[in-house]
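Reader: I would like to learn how to read a fold. Please take me through one.

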Amino acid sequence: MSGFRGTPRRRKALPEGEFEAAIVDLAEDGRGVARIDGKVCFIHGALPGETVKFRYTRVHRDADEGETAQVLTASPDRVEPPCAHFGVCGGCALQHLAPGAQIALKQRQMLEALRRIGKVEPESVAAPITGPTLGYRRRARLGAKYVDKRGTALVGFRERASPFLAALESCQVLDPRVGRKLQALGECISQLSIRRDLPQIEIASAGDGPADGPVALVLRVLKPPSDSDRERLSQLARDHGFTLYLQSGGPNSVAPLTPPAPGLLYDPDGGRDRLRFLPTDFIQVNGPVSRQAVRQAIDWLDPAPGAAVLELFCGLGNFSVPLARRGARVTAVEGDAGLVDRARANAQVAGLEVLFHTADLFQPRPEAPWRQGSYDAVLLDPPRAGAEAMMPVIGALRPARVVYVSCHPGTLARDAGLLVHEHGYRLARAGVMDMFPHTTHVESMVLFERD
């Protein structure tokens, strides 16, 4: 049966030339917001308080898009981007905005989400947790692609609003042990027989500098490397101090290029404990900010010696081990069995007793053993999806304090509204953490208390 497909929708013609606009706000993705003849226009490269000339790049029914052509009146918060690739590379969105203004923007976004979505207001706002704004990324996933016209491989992040890799000489936000070596990586890949079959490099840095441990690079390979490929990669590792792994399939296929590989370790809170992790495990990208966050979370919980603390989404034990070191009786729950095994081993190496459980925290079972006890406090650090299913569980457990560490203000606000309006908690404190400077990611921490 034949069907009528209709006439393809044509993209609206763009207004030609440059137009002037006053920027009144900053969108969550870092673009300036203007209102032109009553219609919103999102303008890349513009900041609140500025007057700019811009060119239209898209016209939609509800809102338009544009690109700054000239800044006529600059914001006092405008700074020179530290990276020459800013504006082309899509890895950063806010390098033209002063770091203090960036974190103020993120605090405002968190508070607005709490008000608008959760209908809640914190009783107090904590000072932001900040740290280094450059060279901070110890975890990242980079693209790699051999480009015939260039005769070399590109390694880095994708171009802004594009599927193509940006041609980067270096990256200012990556651990400099990698960020300054992108061209060396590309040159090595270009010499491999599998140069067209190596699409991704995952970075995992131990510690925060050369004295703290190795830098692991996991190379995603679609074909097995030849013997000569292995030798070239081994030479790359020797020249630049990398520990290389190959990944031919899923996470279980990751194996060191030259076994045995040195262990990867980091300290969660600046104390004596070290947590071991695999190069594909999740750890927070910004070590100095993460350590402050762990200390703040424990301070906010303020567990007395022997207090019973339930930790949800515990991962490798980032909070579990410091909490146990503080003297709390910790029960920790995580959905990934491999992470639970490694968290248990980390606690054992530290000489600490933590009771770990593997459980699906998005579909919790009422009979789960970790739900049968009573707890003085709960700490949770869920993924971007939040922890909606955990709110009635926490409400039923009735801990006196709950600390929620969030990487998405929208799901945090949703869950906060549930705890406050349905389960009898007060939103006592809220604060943001600058885990991802120069990006629009908003990380935050909130404290709930029950009277």
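This is a predicted model: local features need pLDDT of at least 70, side-chain atom pairs count only at pLDDT 80 or more; totals for chains, interfaces and linings use all residues.

Reader: How many helices and strands does the chain have?

Author: Helices (H or I, at least four residues) and strands (E, at least two) are DSSP runs, numbered from the N terminus. The chain has nine helices and 21 strands. Its radius of gyration, taken over C-alpha atoms, is 24 Å, close to the 22 Å from the globule rule (2.2 Å times the number of residues to the power 0.38) for 451 residues, so the chain is as compact as a globular protein of that length.

Reader: In which order do the six strands of the open sheet run?

Author: Two strands pair if DSSP finds at least two bridges between them. The order here is E8-E7-E9-E10-E11-E12, with mixed pairing. E8 (152-156) and E12 (255-256) are the edge strands, each pairing on one side only. E12 pairs with E11 (residues 242-247) in the antiparallel sense, over two bridges. There, Leu246 stands opposite Ala255.

Reader: Which strands does helix H3 touch?

Author: Contact means heavy atoms within 4.5 Å. Angles run from 0 to 180 degrees between N-to-C directions, with axes fitted to C-alpha atoms, for helices over the stretch in contact. H3 (residues 182-190) packs on the sheet, touching E7, E8, E9, E10 and E11. Its direction makes about 140° with that of E8.

How values were computed. Residues are numbered from 1 along each chain as its sequence is written. Side-chain values use heavy atoms; hydrogens and water are left out.
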